Amino acid sequence: MKRFLQHISIFAGIGILLLNGIGYVLDQYYGKLNNQFVDHKANWIFKKNGENLDYAVLGASRAYNVIDINTIDLTAGLTGLNLGERGAGYAECYILLEHFLRKNSTKLLVLSLDYPSLKSVESYSYPFKEYAFLPQFEEDSIEFVFQDVLPPHKFWMYKFVKASKYMEFNSKYPFYDNLIHFGIEQEYQKIEQSKGSKLVNKNQRVEGFNTQDMEEITGKVQFNKLDLRYLRKIIQLCKSNDIELLCYSAPLYKDLYFARGYENINNQIDSLAASWDFEWNDYSFIPLSQQEEYFADNSHLNQAGAKIFSKQLARTISEKLKAN
Amino acid sequence: MLFNSAPFFVFLPIVFALFWALKNQLKWQNLLILIASYVFYGWWDWRFLILIVISTINDYFLGNAIHKTENQKKRKLYLILSIISNLGILGWFKYCDFFIENAIQLIESIGLQANISTLEIAIPVGISFYTFQTMSYTIDIYRKKMNAEKDVIAFGAFVAFFPQLVAGPIERATNLLPQFNKKKSFDFAIAIDGLKQALWGFFKKIVIADHCAIYVDKIFGTPDFPVEYAELPGSVLLMGSIYFAFQIYADFSGYSDIAIGTAKLFGFNLMRNFNFPYFSRDIAEFWRRWHISLSTWFRDYLYIPLGGSRGNKWKQFRNVMVIFVVSGFWHGANWTFIAWGALNAVYFLPLLFLNLNRKNLDNEISNSLLPSLKVMLSILITFILTCLAWVFFRSASIGDAFVYLSEIFKLDFIPDNLYYLHPLLISQLAFFIALEWWNRNNTHPFEFKRKCHKSIRWSIYYAFIIIILFSANYHESSDFIYFQF
């Protein structure tokens, strides 16, 4: 038995060393390629260099799919980018912004802030897409977020068995496929043209909306602590970089608005904005919310709706920039 | 608990450590195996543990009752009771809804209203395996091939032995049960061999079977994403059946290898379940090499009692049809499995009537590096016949299977969709076949018979482990196909 345990220990020890070696090689390989094979906006944002923007938009799909940068730029004569990514919680948004600001600058950050984004764990299917940042895991700021967000066993595994992160996400980093397929780059060329926005050209609003959740019905909700923590970190990041912050909630279709106790929810967000000292503009129930033809679904404007809303937002952004 | 899941990799070292910590305390070791096996099974659904307990207690007492009496009538009665209770449990949980469903269809086909409905009974994992294992115990006592087990804990551990509980090999009491009564001393070489065999099993399951499954599901369709076979070229459908042949083989034989390897860690020797079946030269040979524990079970407990290949042609025909159809039905309560069994019988009967069914008995296909053209051709024909039969096994209904087969033969054999010929999968399969062929005289490829330096051996193990680790799906569990049986 002793011999068996010795053998197994030596074998496992060498195995861990080997996996760390492989992890190191993969970190170099994927890191140099700037995440170009990962289907995530990080791969576009991390390549940005020397952008001096008037404003940048950040948030989940209610930023990415709903704010049309071309419309805002044309309306207000500004230069902006949409850094939003679908289903991104604030921890993910924080990484995207922090990375972007290393080589670029913006005067104003337009941040999507609403009920789903403050409860990202429940609202989004995958609010922290760690796979998008694996090659950058060793960077202090990213490692810090990983430690904060991931379960401890997973974090320590990533840290001490470097290859384990690529093993776990072998479908996102399929070594063989990456060598022969270069498709994702092309996808992000389209995003470059739209300055990071991806509008939805459909009108398939889900009929009706009912919630069984008492919290949602009464509107007395508990926001997610992790989201609040990273919202705060985004605010601090803006302050330390002299960036003005403008938070907004994009329009919701009226059914959704009335099904949930949004009046109470939004009052809570108002209180949060007051206590943390940032500006929050609530567009969730503007007249556009009444018009079904402008919605792709209950919580997302479609292309036509996004253009109308972006025009409205352009005025606010312009005023905010002029005021400072 | 799945072999290819994180809890198993915590569970196994704990049980292993406790087991060998109880060295020389056989009763405690058996109790540990029993508890561990119940935890292993209960991880899936603890409620169905009651069935294993019932089966264990029932056969424990009936086995002892058969053994104690010399009265032939009583012995027969106890045996019948054992068979009825085991088949009763199996029948109720596995086949009840099938019979109700068919009764409804039959009643409605003659224009009557059927006022019954299916019971939607959940099928307990591995029920077909452990009921057959316990039946072999009482039958063997009845046949006076073995004595009844006195120790209920040892018997319980035999019935529920976790490495082979849910998907076999279906062990014979004559082989496995005595091992629970034999003091074990740790054998380094056997334990290492067990780990190697388990590694090979994981490679088969995770790299070959799960990779094939992606394409099989896309070609055959799934309940959520059905496929219109008419829209796919015949070449793709043929590929689908070949991929499925590899999927089911790698999946099931992979499970068996992990089970046998795991059992070796505890000093148990389980029977071999697969012997490179796709290198068979005819269907009879295929059935001697495929799911050996089940085919020999049916041979010993059904085919031979029916008369086997003795008697006139009609009796031979009847016996072959019975054993293949029952074997198909054992797999699942669906006409597709029965058709699969019947089709294999159709393949087998000409060999039987021409006295060719025992032509290829030698285990070693050939000692040369490559097979002769004649052998290669016979292997290829057997493989294609098997692939066509697998279509019934994989299809949701008989109708689907016939459509699938007819679409294969529509002769548009130009692969218009290279997606299905993924170079990685093709190269994996080619490597797998080559490795199997190269090692056809061993139980697994890591049995280095020639002297091979440790550094080379270890490099090979690491290479396989890395391939497995980088192929596994860590976010979705991938069941073994035979769990459902």
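## Close-up views of a predicted model

Asp242(A) is exposed, with a relative accessible area of 71%.

**View 1. Two non-glycine residues with positive phi sit in loops of chain A.** Let us stay with Asp242(A) for a moment: its phi is about 55°, a positive value, although the residue is not a glycine. You will find Asp242(A) in the loop that runs between α14 (225–240) and β4 (244–249) of chain A. Lys195(A) also has a positive phi, near 60°, and is likewise a residue other than glycine. Its place is the loop between α12 (184–193) and α13 (214–218) of chain A. Lys195(A) is partly exposed, at a relative accessible area of 27%.

**View 2. Lys48(A), Glu51(A) and Glu192(A) form a salt-bridge network.** Here three side chains of chain A are linked by salt bridges. Over all chains, the count of salt bridges comes to 31.

**View 3. A salt bridge joins Lys27(B) and Asp151(B).** The N to O distance between the two side chains is 3.6 Å. Lys27(B) belongs to helix α2 (residues 26–45) of chain B and Asp151(B) to the loop between α5 (127–142) and α6, so the pair ties together parts that are 124 residues apart in sequence.

**View 4. Lys144(B) and Glu70(B) pair between two loops.** Their side chains meet in a salt bridge of 3.1 Å, N to O. Lys144(B) lies in the loop between α5 and α6 of chain B, and Glu70(B) in the loop between α3 (49–68) and α4 (72–109), so this pair connects parts that are 74 residues apart in sequence. Both residues are exposed.

**View 5. Lys410(B) meets Glu407(B) in a salt bridge.** The N to O distance for this pair is 2.7 Å. Lys410(B) is partly exposed, with 33% relative accessibility, while Glu407(B) is buried at 15%.

**View 6. Gln247(B) is a buried residue in a helix.** Look for Gln247(B) in helix α9 (residues 234–265) of chain B. Its relative accessible area is 9%, so Gln247(B) falls under the 20% limit for buried residues. Which residues does Gln247(B) contact, leaving aside its neighbours within four places in sequence? They are Ala209(B), Cys212(B), Ala213(B), Val216(B) and Ile481(B).

**View 7. A nonpolar patch lies on the surface of chain B.** Val10(B), Ile14(B) and Leu18(B) make up this patch, and together they have about 270 Å² of accessible area. Val10(B) is part of helix α1 (residues 6–21) of chain B.

**View 8. Chain B is assigned two domains that touch.** The domain assignment gives domain 1 (6–186) and domain 2 (190–281 + 360–484). The contact takes 28 residues from domain 1 and 19 residues from domain 2. The C-alpha centres of these two domains of chain B are 29 Å apart. As for confidence, chain B has a mean pLDDT of 90, and 96% of its residues reach 70 or more.

Methods:
Residues are numbered from 1 along each chain as its sequence is written. Chains are lettered from A and ligands numbered from 1 in the order in which they are written. This is a predicted model: local features need pLDDT of at least 70, side-chain atom pairs count only at pLDDT 80 or more; totals for chains, interfaces and linings use all residues. Side-chain values use heavy atoms; hydrogens and water are left out. Patches are made of residues with over 30% relative accessible area and no salt bridge: like charges are joined within 9 Å, nonpolar side chains (Val, Leu, Ile, Met, Phe, Trp, Tyr) within 5 Å. Accessible areas come from the Shrake-Rupley method with a 1.4 Å probe; for residues, only the protein chains shown count as cover. A salt bridge is a side-chain nitrogen of Lys or Arg within 4 Å of a carboxyl oxygen of Asp or Glu. Helices (H or I, at least four residues) and strands (E, at least two) are DSSP runs, numbered from the N terminus. Buried means under 20% relative accessible area, exposed over 50%, partly exposed in between (1.4 Å probe, protein chains only). Contact means heavy atoms within 4.5 Å. pLDDT is the predictor's confidence in each residue, from 0 to 100. Domain bounds come from an automatic or database domain assignment.
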